[in-house]
Amino acid sequence: LGVFLFLIVGFFVWKFYFRFLPPVPHKSIVISLPFAKEDDNLIFINPMGETDHHKPPQGHPGLDFGWHHPAPLRAVADGKITKIEEHPPKGFGEMEKIYNVEIVSGIYAVRYEEIAPSSALKVGMNVKQGDILGRGGKYDQPGGLGIYYSTHWEFDYDTVIFDRLCPLTYFDPNSFSRINAIWDKVGQTYNGQFPEICSGFYKGKDK
């Protein structure tokens, strides 16, 4: 019984304090942004760790990207599609059926939620960095403010033990420069309580 309790306690210590360490020796990955430079004119980024609309202490577990136009979403690294599942409605005024797509690359997983995937996408198929996966989900803003398109994007280790990673140190130099320039333009909504792209619980959770 003592050994069993030790293992249980050890698991939760690992889960909640060391979960951002890699589970096995591995080569780190270099990723790009999930959209091309011509679509850098975002209308918002919802940062990681935001707790205005998400439960603390962790808060928002990924990044939301939004546009006024249907920007193509792209694979950020080579990998295999491991999941395509319908996204349940959450009262955001969805105008179409939307899906969640998961791509695994080595020990890393990339998740695109609330997207309209390409009809060519199939579970088990391999994708290359830059391949078009679909576009953001289509939404009707409350109050007659018009249509926008957005996706929720997550990056993490592909294991049940570890949680989401802040992607900033994994971006190639060009993508890192682009996302910081975009944040400088559209991050004003959160620059008070959440002044960084990875704020709060997720600040520094990148290794």
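**Group meeting: salt bridges and a surface patch**

Val3 sits in helix 1, which covers residues 2–17; helices (H or I, at least four residues) and strands (E, at least two) are DSSP runs, numbered from the N terminus. Before I go on, this is a predicted model, where local features need pLDDT of at least 70, side-chain atom pairs count only at pLDDT 80 or more, and totals for chains, interfaces and linings use all residues. Residues are numbered from 1 along each chain as its sequence is written, and side-chain values use heavy atoms, with hydrogens and water left out.

Confidence next. pLDDT is the predictor's confidence in each residue, from 0 to 100. The chain has a mean pLDDT of 86, and 85% of its residues reach 70 or more. Over residues 14–20, pLDDT stays under 50.

Back to Val3. Val3 is exposed, at 62% relative accessible area. The scale is this: buried means under 20% relative accessible area, exposed over 50%, partly exposed in between (1.4 Å probe, protein chains only).

Now the salt bridges. A salt bridge is a side-chain nitrogen of Lys or Arg within 4 Å of a carboxyl oxygen of Asp or Glu. How many salt bridges does this rule give? The count is 7.

One of them joins Arg178 and Asp40, with the closest N and O atoms 2.7 Å apart. Arg178 lies in helix 2 and Asp40 in the loop between helix 1 and strand 1 (44–46), so the pair ties together parts that are 138 residues apart in sequence. Are these two residues buried or exposed? Arg178 and Asp40 are both buried, and Arg178 has a relative accessible area of 8%.

Leaving aside neighbours within four places in sequence, Arg178 is in contact (heavy atoms within 4.5 Å) with Leu33, Phe35, Ala36, Lys37 and Asp40.

A further salt bridge is between the side chains of Asp156 and Arg111, at 2.4 Å from N to O. Asp156 is in strand 9 (residues 147–157) and Arg111 in strand 6 (residues 108–117), so this pair, 45 residues apart, links distant parts of the chain. Asp156 and Arg111 are both buried.

Then there is Lys203 with Glu196, where the closest N and O atoms are 2.9 Å apart. Lys203 counts as partly exposed at 48% relative accessibility, and Glu196 counts as partly exposed at 34%. Elsewhere, salt bridges that share partners join Glu102, Arg111 and Asp156 into one network.
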